[in-house]
Number of protein chains: 2
Amino acid sequence: MSGILIGVDLGATMVRAGAFTPGGEMLAVDQVEIEARRGPEQGFQRLCNLVENLLSQTALHGERLLGVGVGSTGPVDALTGVIVNPGTLPGWEAVPLVAWLEKYFSAPAFLDNDAAVAALGEYWMGAGRGVARLYAVTLGTGIGTSCVIDGQTYRGAGGFHPEGGHQVIDPGGPLCYCGAHGCWESLASGTAIARNARAALVKHPDSILLRLAEGDPGRIDARIVAEAALQGDSLARGVIGRAAEYFALGLFNLLMLFFPEVIVLSGGVMHSSELFMPALGRMLQNATPYLPTSQVDIRLAQLGYYSGIYGAAYAIMRRVSPHDLGS
Amino acid sequence: MSGILIGVDLGATMVRAGAFTPGGEMLAVDQVEIEARRGPEQGFQRLCNLVENLLSQTALHGERLLGVGVGSTGPVDALTGVIVNPGTLPGWEAVPLVAWLEKYFSAPAFLDNDAAVAALGEYWMGAGRGVARLYAVTLGTGIGTSCVIDGQTYRGAGGFHPEGGHQVIDPGGPLCYCGAHGCWESLASGTAIARNARAALVKHPDSILLRLAEGDPGRIDARIVAEAALQGDSLARGVIGRAAEYFALGLFNLLMLFFPEVIVLSGGVMHSSELFMPALGRMLQNATPYLPTSQVDIRLAQLGYYSGIYGAAYAIMRRVSPHDLGS
């Protein structure tokens, strides 16, 4: 197969796009602010201008456009190609992005949520290249999950993506906005880390956290807690240590339920992955004798901010590739 | 496709076999004691005689044998067709059952564990007929799980079956033989129900449990606890109620991680399903707003003791059917 694949990563503030060959070579990449508040029509035009610009840069290759894939901040309806109503893109309600793109570019288009598409990127050209059963976990403000089986995103009934971040791992835990007590996200996410650190300040007046947050507890986030932990702050180390144990527990359940070859970790909190890896290693070593969990490979994502555009390009390639038309 | 499919259910005490058409009609069924302690060679001969007998019964149909599928008490290695070393079949160590069967019958054979095969039976002709994403849970002495996607058993790395019964749902819970604290099986299985009921006897001398167990606490099992609960015994109702809440919590996690169309429940404890259904109903209604969990259908298995032979026949059919040869 020859031609150009476009992968788009539509975020709350930026839209990024890349042009790829079917072999996974990135020919060009660019980004602009989406300025979502100006509404979906203007945002769509900015997205199209960005893609047109990439296509003119790659025109010297003389290749035709095979299709446009988009990973967008959710929720999206991947089956109908519609951006549903993301809190992060105010006013973008029921935007039929795939229909708009296919009309504008006269080429196939595809839309899915950013986490699912980023996992495909790592499968295609990143840390999970060619892995038969790949489970991707993004640990940031929340916890996002995506399971990729033979290069395809696993979907549940009605095309819905599972919500692995909201599995319950300790019913005595805090109430999450999802309605459950002690779900994974409520115990191990960046938000949980920041919240627990703020709550612990009273008992640890000697902590360096407040100084790192310039005296404002409201500014404490997971990045600052991780920084304090790396500097040896005992409050921060305690908070991160507990979050790491809960993070390992959630991964343990993924092993018990999916037993993938590889788990790929990404997200802002994973920038301090050295604080989490010891707990994950203990979990893998101590897990059930019934599954050889120590053989499971837990890896950090490799594509960074580009995982979304790689994955979006791969997703549309799967759809236009003849041998995958049935899938 | 025409011909005869043989499905075999190899248990700790009995081996059952059925002859089926590719359309799912059961033509004949029979069973004998396996007498496992006499060793695998004698057991194999009993199995073969049983199958021969079925074939002679169905010979009037004039159809050739398409293949023999077997669901066996585990662990088994489905990739190599070998019974590994089941505690329930003492002395059956590294038995190459598929090779033996293929030589004896000059036809393709297939082996998998009993829980996986029973789930396929419910997919083929039972409560989950034709469901795209089916999750089967057996609640008995332990908790067994199997995920069937488009009629194929989901397997993890190295062909291993996931162990959904050992997902952790309350890390403050009891230590399981699997090595984890508070896994699903340790909190909601028939074994957990019996253990919790015995432990609660001291505080409930008025309970009818002891009488139902003929005065011997060692005889209390989940069936007796369920019977006492149905008669209104408060100890038994409390124990079953807590187990039902934990059972619902584990199912909640399956919804979050797989979001199947249908969950099929089977196993001895489910003979008292009316004691569990209220907790499951509350879980479905109260679950996260991010997935339409109230649309998920939780059903009781329909094939009873025959789910294994149906599923084993279906599994071998999938393997010999031309359009599935690649799977």
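Let's start on the outside: E41(A), Q45(A), N49(A) and S56(A) are exposed on one side of helix 1 of chain A. Keep in mind as you look around that this is a predicted model. Which residues of helix 1 of chain A are buried? They are P40(A), G43(A), L47(A), V51(A) and L54(A).

What do the buried residues of helix 1 of chain A pack against? Their partners are strand 1 (4-10), strand 2 (14-20), strand 3 (26-33) and strand 4 (65-72) of chain A. The helix itself runs over residues 40-57, 18 residues in all. From its first C-alpha to its last it reaches 26 Å, close to the 26 Å expected at 1.5 Å a residue.

## Two domains in chain A

Now step back to the whole of chain A. Its domain assignment gives domain 1 (4-124 + 305-324) and domain 2 (131-301). The centres of these domains, taken over C-alpha atoms, are separated by 28 Å. Where they meet, domain 1 of chain A supplies 13 residues and domain 2 of chain A supplies 14 residues.

On the domain 1 side of this contact, strand 7 (109-113), helix 3 (114-125) and helix 10 (307-320) of chain A each supply at least two residues. Helix 3 of chain A gives the most, with seven residues. Sorted by class, that side of domain 1 has eight nonpolar, two polar and three charged residues.

## Where the chains meet

How many residues of chain A are in contact with chain B? There are 33, and they touch 33 residues of chain B. On the chain A side, helix 8 (residues 234-258) gives the most, with six residues. By class, this side of chain A has 19 nonpolar, ten polar and four charged residues.

Of its 25 residues, 19 are buried, so helix 8 of chain A is largely enclosed by the rest of the structure. Just after this helix, F259(A) takes a positive phi of about 40 degrees.

## The nonpolar core

In soluble globular proteins, nonpolar side chains tend to be buried together. Here, the largest nonpolar core has 228 residues, and those with the most contacts inside it are V225(A) and V225(B). Leaving aside residues up to four places away in sequence, V225(B) touches I193(B), A194(B), A197(B), L209(B), I220(B), A236(B), V239(B) and I240(B).

Is A180(A) buried or exposed? It is buried, because 25 other C-beta atoms lie within 10 Å. You will find A180(A) in the loop between strand 10 (152-153) and helix 4 (184-188) of chain A. A180(A) and L55(A) are 125 residues apart in sequence, and their C-alpha atoms are 46 Å apart in space.

Most residues other than glycine have a negative phi. In chain B, A94(B) is not a glycine, yet it has a positive phi of about 55 degrees. A94(B) lies in the loop between strand 6 (82-83) and helix 2 (97-105) of chain B, and it is exposed, with 11 other C-beta atoms within 10 Å. D150(B), also not a glycine, has a positive phi of about 50 degrees. Look for D150(B) in the loop between strand 9 (143-149) and strand 10 (152-153) of chain B. With 12 C-beta neighbours inside 10 Å, D150(B) counts as exposed.

Definitions and conventions. Residues are numbered from 1 along each chain as its sequence is written. Chains are lettered from A and ligands numbered from 1 in the order in which they are written. This is a predicted model: local features need pLDDT of at least 70, side-chain atom pairs count only at pLDDT 80 or more; totals for chains, interfaces and linings use all residues. A nonpolar core is a set of buried Ala, Val, Leu, Ile, Met, Phe, Trp, Tyr and Cys residues joined through C-beta atoms within 7 Å. A residue is buried if 20 or more other C-beta atoms lie within 10 Å of its own, exposed if 12 or fewer, and partly exposed in between; C-beta atoms are placed from the backbone. Two residues are in contact if their C-beta atoms, placed from the backbone, lie within 7 Å. Helices (H or I, at least four residues) and strands (E, at least two) are DSSP runs, numbered from the N terminus. Ala, Val, Leu, Ile, Met, Phe, Trp, Tyr, Cys and Pro count as nonpolar, Asp, Glu, Lys and Arg as charged, and the others, Gly among them, as polar. The expected span of a helix is 1.5 Å times one less than its number of residues. Domain bounds come from an automatic or database domain assignment.
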